[in-house]
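Subject: Structure for you to look through

Hello,

Below is the structure I promised to pass on to you, together with the notes I made while going through it. Please keep the model open beside this email as you read.

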Amino acid sequence: MKVKAVISAALLCAFTISASGCDGADIGTDNLIRPPKTVGDEAEIEQLIADTAGSGYTLKYPKSGNYRSAIVMKDLDNDGTDEAIAFYRTPNETKAEVHMLVMYCANDEWKLSENCALDATDVDCVDFADVTGSGTLEILSGYTTYNSSINNLACHSYSNGKTNRLTVESSYSSFYCSDFDSDGVNEVMLLSLYTTENDATANMLVYSEERNCLYSKASVKMDPNITRFKNLSVTATENSQNALIVDGCFANDDTVTQIIYFNTELSVLRNPLYKEKDKNITQRSADIICTDINNDSVTEIPVVDKLPSTSDEDKSAVADKISWNSFYQQSEILNHLSDQIPDYQNGYSFTVPESWADGTYTVRLDSEKRAMSFFEWDFDNLGQKVFEIRAFKLEQWDVGEDSDAYTLIYKNESTAYAFADVNEETSLSISEDDIKTAFSLMTVNNI
């Protein structure tokens with residue numbers, strides 16, 4: 001029985017940006033709350049912050065990304081010992097300014113490396129990556145502005161107790177760090193939403209040792225209709241080069257996927273799924289993001305369509321078909337892998353057998369009965385029923401209420417999933433074991 005989740009859908013809560021990136025979403029962290037008093041290194045770090053900031057300071061919590069603590073611990077110089085990074089503001093500042101403290105431990109004593117003052121209203125995020133190729137981690141910190149779509153990026157390097165600032169002349173809406181040009185060093189991919197002043201673009205920043213800066217090596221247009229980024233992830237393509245997969249939302253909440261990659265032969269940044277005058281084939285009303293559906297460490301891209309129905313049918317009762325695809329960089333196409341039929345309401349999906357050809361089947365949903373029924377589809381006509389999957393409340397299943405004819409697939413603490421009405425006389429005949437194998441639970445993907 002296959003119960004491992006292989007589809008990701010936002011059924012219960014909003015998504016956050018994944019591992020090596022930041023966006024501007026504020027999930028409600030109260031940046032006025034001081035951390036509790038601690039002992040050991042934590043207490044020493046707090047005391048060093050207090051001594052540096054003076055009275056009345058307020059710690060600022062990064063609002064997005066993976067590092068949301070008031071004090072972020074990270075081994076920047078790869079010596080086996082963490083450094084500490086903290087952000088604060090003081091009440092007597094006459095302008096919008098956030099301070100970043102970089103602290104290190106030497107001879108069992110915490111010391112201040114740098115107190116960096118940055119023009120900002122708040123801290124968007126903090127991340128770490130080796131962008132200089134030194135084998136150590138740079139601090140990439142993002143700061144909010146009065147425009148919610150625009151953040152400013154700062155980059156600092158640290159070594160031997162010293163912190164230095166790299167010049168960065170770029171703003172962003174979201175960013176992600178990875179090795180995009182296969183040179184063994186991380187680049188910073190800055191994504192910008194459309195504003196009246198700026199186009200929607202992706203910019204790949206690389207490090208110049210001569211100028212001690214991050215500069216834009218390549219850029220490409222993005223869809224200007226995207227109002228927010230929903231999920232960012234990096235996947236390896238068929239030639240082992242990294243591509244950035246960007247799930248974004250339109251104003252009507254439709255989701256669309258763009259793929260940003262660096263063409264090393266032409267030295268240009270590409271966004272092949274976006275075309276100014278054509279609809280992106282990944283556009284979908286279903287709240288589904290790109291994910292690795294088969295544990296091969298490659299992110300798959302969903303294309304969602306309604307299954308066949310007659311013109312007078314209630315389309316809300318017609319199930320979706322999700323076609324999962326990998327991105328093939330050489331030809332810039334989506335390579336089809338498999339199809340799934342989701343029941344969003346009841347949290348499961350069914351993987352379509354390879355023997356079922358497109359246009360030969362369809363599925364109907366019964367929300368009251370909590371059932372998904374599979375049918376033959378024959379030249380615009382609903383054919384014979386093939387089988388049915390139903391979700392029972394656990395107490396209903398345990399007492400046998402309306403469930404005698406059903407065979408159990410899987411049950412958890414709240415729901416029993418079962419099937420019935422298997423018709424062996426149809427052209428889509430499927431065994432009971434195959435039904436169980438094709439069943440998968442769905443999960444909410446919080447990246």
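**Strands, sheets and charges**

Strand 21 (residues 320-328) and strand 22 (residues 333-343) run antiparallel and are joined by 7 bridges, where strands are DSSP runs (E, at least two residues) and helices are DSSP runs too (H or I, at least four residues), numbered from the N terminus, and where two strands pair if DSSP finds at least two bridges between them. Within this pairing, serine 326 stands opposite asparagine 335 in strand 22.

Before going further, please note that this is a predicted model, in which local features need pLDDT of at least 70 and side-chain atom pairs count only at pLDDT 80 or more, while totals for chains, interfaces and linings use all residues. Residues are numbered from 1 along each chain as its sequence is written, and side-chain values use heavy atoms, with hydrogens and water left out.

Strand 27 pairs with strand 28 (residues 415-420) over 4 bridges in the antiparallel sense, and threonine 407 has phenylalanine 419, in strand 28, as its bridge partner.

Turning to charges, side chains of opposite charge can pair when their charged atoms come close. The whole structure holds 17 salt bridges, each being a side-chain nitrogen of Lys or Arg within 4 Å of a carboxyl oxygen of Asp or Glu. One of them joins aspartate 181 to lysine 217, with the closest N and O atoms 3.9 Å apart. This pair links distant parts of the chain, 36 residues apart, since aspartate 181 lies in the loop between strand 12 (174-178) and strand 13 (187-192), and lysine 217 in strand 15 (residues 213-221).

Best wishes
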